Amino acid sequence: MTIMLNIDPRNPDKAKIAKAADIIRRGGIVVFPTETVYGIGANALNPKACRKIYAIKGRAADNPLIVHVSSMDMADAVAKIPDKYKKILKRIWPCPLTIVAKARDSVPKVVTGGLNTVSVRMPQNRVALRLIEESGVPIAAPSANISKRPSSTRASHAKKYFDGAVDAIIDAGSSRFGIESTIIDTDNFMLLRPGAFTSAQIEKEFGKKPRITEESLGLKYAQRPKSPGTKYAHYSPLTPLFLFDGDAKSLKRITSVFKGKFVFIGSSESCMELRKNAKKAISLGKKRGMREIAHNLFHSLILLDSLNADFAIIEGFPEHGMGLAIMNRLRKASGNRSFESEKELRILVGGHG
Ligand code: TXA
Ligand code: MG
């Protein structure tokens with residue numbers, strides 16, 4: 001049975017946190033909120049508990065888990081973080097930046113997916129931090145979704161995925177960022193995954209730019225990537241999703257032959273334009289409000305699958321600031337199926353309509 005624990009993030013109920021922490025300590029599974037997305041967590045030092053996460057998600061065994069900590073000492077106990085980075089992390093954590101560093105022997109192989117590195121982050125969410133503190137152990141947690149599906153940004157999403165499969169789900173409202181943490185490899189300062197902590201913020205805090213590759217943009221799937229998660233399809237709704245990469249002004253004309261057949265997901269401005277052609281238009285927020293767009297993205301992809309459409313079109317966004325993470329998710333969610341013209345859209349729909 002799954003128990004639901006409603007916790008007010010501004011004033012976390014001690015008894016409810018204690019209950020969830022008790023489940024973690026006993027080797028159980030708890031879905032908990034973070035500032036990015038909800039996580040499905042277990043005691044990171046208990047391999048048997050961590051194995052359950054892979055089974056529940058249907059996750060590939062070589063795709064490692066992020067270890068969530070509530071203090072620098074806890075981070076030190078699982079990873080050998082180079083001193084120059086530790087100094088910076090002491091200043092900026094908690095924040096949505098995950099670092100990959102050499103793992104200590106205490107970290108079970110199931111958590112690292114067999115790698116000799118481990119990823120660590122300190123979530124900027126009071127409920128998450130209290131839960132880790134109270135558990136007294138680091139918590140290994142991937143995003144709370146069935147493998148390949150969109151991440152949960154609300155407890156209700158996680159309940160849909162995992163009701164009956166996990167021991168508890170904490171509901172503390174919708175995730176502030178709505179997009180996962182940024183992952184940096186401390187070894188070569190490569191951006192393994194763009195996320196809620198922008199490249200500009202990294203440059204400001206670390207004094208250098210992260211190395212950005214085609215893989216980190218979501219343009220390419222490498223066979224043996226540094227970050228195993230990047231080689232798998234990800235974030236995909238069940239409804240075929242196509243990414244529109246062209247000029248928003250032409251979209252009304254391009255889609256006129258598919259009137260009433262598709263759901264449109266995009267900026268509120270484009271939703272106004274597409275309203276008549278689409279079966280339904282889901283607004284992510286104003287074009288210039290990239291944080292709001294990120295916040296609403298996964299919810300819209302989960303909502304999409306309840307609408308029974310032949311296919312869906314999602315609008316692309318400029319690739320700077322939070323846009324880098326947004327476009328990485330959109331490319332993957334659409335399986336890199338993008339179009340700029342009516343002809344290209346016809347080909348995509350022909351294959352999936
Ligand atoms: O915001 C987040 O990071 C959320 C919340 C719950 O904290 N977690 C999350 O976890 O997004 P997950 O498992 O969905 O994504 C973790 C990614 C995967 O692509 C995985 O391959 C990569 O991190 N990863 C984990 N450990 C790694 C390591 N040692 N080296 C390289 N990549 C690693
Ligand atoms: Mg994930």
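Which residue forms a salt bridge with K287? The partner is E315, and the closest N and O atoms of the two side chains are 3.7 Å apart. This is a predicted model. The pair joins distant parts of the chain, 28 residues apart. E315 sits in strand 15, which covers residues 311-315. K287 sits in the loop between strand 14 (280-285) and helix 12 (290-304). The two ends differ in cover. E315 has a relative accessible area of 4%, so it is buried, since buried means under 20%. K287 reaches 33% and is therefore partly exposed.

Elsewhere, salt bridges with shared partners form a network. D22, R25 and R26 are joined in this way. In total, the structure holds 14 salt bridges.

Take R329 next. R329 forms a salt bridge with E180, with the closest N and O atoms 2.8 Å apart. R329 belongs to helix 13 (residues 323-333), while E180 lies in the loop between strand 9 (168-171) and strand 10 (182-185), so the bridge ties together parts that are 149 residues apart in sequence. Is this pair buried or exposed? R329 is buried, and E180 is buried too.

Now compare the cover around another bridge. D163 pairs with K159, and here the closest N and O atoms are 3.6 Å apart. D163 has a relative accessibility of 46%, so it counts as partly exposed. K159 is partly exposed as well, because its relative accessible area is 34%.

Which residues form a positive surface patch? They are K252, K259, R275 and K276. K252 is placed in helix 10, residues 251-254. Its relative accessible area is 42%, so K252 is partly exposed.

Turn to the rings. The structure holds nine aromatic pairs. One of them is Y85 with F189, a stacked pair at 5.9 Å centre to centre, with 15° between the planes. This pair links distant parts of the chain, 104 residues apart. Y85 is in helix 4 (residues 83-92), and F189 is in the loop between strand 10 and strand 11 (190-193).

Y85 has another ring partner, F206. How are the planes of Y85 and F206 arranged? The pair is tilted, with 55° between the planes and 5.9 Å centre to centre. The label follows from the angle, because planes under 30 degrees apart count as stacked, over 60 as edge-to-face and the rest as tilted. Again the pair links distant parts of the chain: helix 4 holds Y85, and helix 8 (residues 199-206) holds F206, 121 residues apart. Y85 has a relative accessible area of 5%, so it is buried. F206 counts as buried because its relative accessibility is 12%.

F242, F258, F262 and F311 form one aromatic cluster.

Note on methods. Residues are numbered from 1 along each chain as its sequence is written. Chains are lettered from A and ligands numbered from 1 in the order in which they are written. This is a predicted model: local features need pLDDT of at least 70, side-chain atom pairs count only at pLDDT 80 or more; totals for chains, interfaces and linings use all residues. Side-chain values use heavy atoms; hydrogens and water are left out. Patches are made of residues with over 30% relative accessible area and no salt bridge: like charges are joined within 9 Å, nonpolar side chains (Val, Leu, Ile, Met, Phe, Trp, Tyr) within 5 Å. Accessible areas come from the Shrake-Rupley method with a 1.4 Å probe; for residues, only the protein chains shown count as cover. A salt bridge is a side-chain nitrogen of Lys or Arg within 4 Å of a carboxyl oxygen of Asp or Glu. Lys and Arg count as positive and Asp and Glu as negative; His and the chain ends are not counted. The place of a charge is taken as NZ of Lys, CZ of Arg, CG of Asp or CD of Glu. Helices (H or I, at least four residues) and strands (E, at least two) are DSSP runs, numbered from the N terminus. Buried means under 20% relative accessible area, exposed over 50%, partly exposed in between (1.4 Å probe, protein chains only). Rings of Phe, Tyr and Trp (its six-membered ring) pair if their centres lie within 6.5 Å; planes under 30 degrees apart count as stacked, over 60 as edge-to-face and the rest as tilted.
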